[in-house]
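Hi,

Here is the structure I promised to pass on.

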Amino acid sequence: MPAQAALLIGDIDHARKAWEDLSSILTLKEFPNGTRSEFLQNCKDGKYDDVVAIYRSNTSNKITGNFNEELISVLPKSLKYICHNGAGYDNIDVIACSERGISVSSTPVAVNNATADVGIFLMIGALRQAYIPLTAIRAGTWQGKDTRLGHDPQGKTLGILGMGGIGREIAVRARAFGMKIQYHNRSRLSAELEGDAKYVSFDDLLASSDVLSLNLSLNASTRHIIGEREFKKMKDGIVIVNTARGALIDEKALVDALESGKVRSAGLDVYENEPEVEPGLLKNPRVMLLPHIGTMTFETQKDMEILVLDNLRSAVEKGELLTQVPEQKKAKNSSNL
Ligand SMILES: O=CC(=O)O
């Protein structure tokens with residue numbers, strides 16, 4: 001049996017064979033379900049003392065909860081890599097991992113198309129306030145009494161906050177709807193990546209977008225990046241789309257902005273306290289709500305699982321993750337200078 005082990009937390013639904021193939025180089029261990037305290041106890045009991053890499057599945061957060069300092073402090077000393085299945089990794093304390101010499105990877109790129117598709121679905125749904133006629137027809141009242149004219153995307157300005165892989169895929173799709181694209185990032189993209197999108201300041205993005213799409217990651221500096229102060233700077237009747245992370249927006253401020261009419265409508269796939277949804281959003285028919293299904297397609301789930309396994313294999317065989325999280329990559333590059 002190989003001396004080093006990998007631990008799968010949760011399950012692999014589409015690429016199990018590729019996981020099993022790793023048994024030629026690693027002893028494979030699994031923690032398919034259970035509780036956080038059972039997992040912590042297993043770590044403390046030394047059950048994972050040969051584990052060098054963890055596969056943290058899509059659903060593993062339901063089992064272990066966040067990989068915060070408490071959990072990271074009991075992970076085996078042998079552990080060098082956490083390969084997370086998800087583009088967002090706000091549930092992993094990357095600073096605590098770096099301090100313990102643990103490298104972390106996520107699954108960017110694999111998620112881009114599916115998440116951008118849902119972003120466009122929510123944008124059109126919000127522009128048309130589609131929830132109202134969708135509800136009316138199912139209630140047997142045809143268009144009901146509240147169905148109103150919607151708005152076209154054609155000719156409108158889409159502001160993308162966070163023009164990474166998902167943001168750029170949203171831009172590709174929105175161009176096909178005749179939208180003008182502008183974006184804000186901490187730094188401007190190369191001409192090749194930017195295309196015809198206009199780079200604007202954060203305040204200009206707020207002030208001149210007809211639709212604002214959030215496509216940035218959640219971290220301490222982006223939490224509540226959109227709140228009361230930012231809503232005040234926006235155009236009256238703006239449409240907000242969020243497929244990234246709920247806590248980018250102060251949800252109470254969004255509810256107020258919807259109620260005042262400042263925000264005409266919204267399309268949301270993510271929430272501050274999932275799976276709970278702010279009641280003010282639930283009861284507002286001008287909000288299209290989805291329960292965090294951005295990446296939930298067969299193709300994307302499979303691609304994500306394969307990317308996690310490719311990371312794990314590359315880490316063990318070559319000592320290098322393929323898609324290490326950017327804050328660790330940057331720190332590594334600057335320490336090499
Ligand atoms: O939200 C989905 C992901 O982070 O992959």
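A word on classes before anything else: Ala, Val, Leu, Ile, Met, Phe, Trp, Tyr, Cys and Pro count as nonpolar, Asp, Glu, Lys and Arg as charged, and the others, Gly among them, as polar. With that sorting, the shell around the ligand comes out as 3 nonpolar, 3 polar and 1 charged residues. Do keep in mind that this is a predicted model.

Who is in that shell? The residues surrounding the ligand are Gly86, Ala87, Gly88, Val111, Arg245, His292 and Met304.

- Alanine 87 uses a backbone N or O atom, 2.7 Å from an oxygen of the ligand.
- Glycine 88 also has a backbone N or O atom 2.7 Å from a ligand oxygen.
- Arginine 245 brings in a polar side-chain atom, which sits 2.8 Å from an oxygen of the ligand.

As for cover, the ligand taken alone exposes 200 Å², and the protein buries 84% of that.

UniProt, in an unreviewed entry, places "domain: D-isomer specific 2-hydroxyacid dehydrogenase catalytic" at residues 54-325. Over that stretch the chain is 38% helix and 15% strand, with the end C-alpha atoms 15 Å apart.

Cheers

Key. Residues numbered from 1 in each chain as written. Predicted model: local features only at pLDDT ≥ 70, side-chain atom pairs only at ≥ 80, totals over all residues. Heavy atoms only, no water. Near = heavy atom within 4 Å. Polar contact = N/O pair within 3.5 Å; in protein donor to acceptor, adjacent residues only side chain to side chain. Areas by Shrake-Rupley, 256 points an atom, 1.4 Å probe, with all protein chains shown as cover. UniProt positions renumbered as here; feature names shortened; annotations may be inferred. Helix = DSSP H or I, 4+ residues; strand = E, 2+ residues; numbered from the N terminus.
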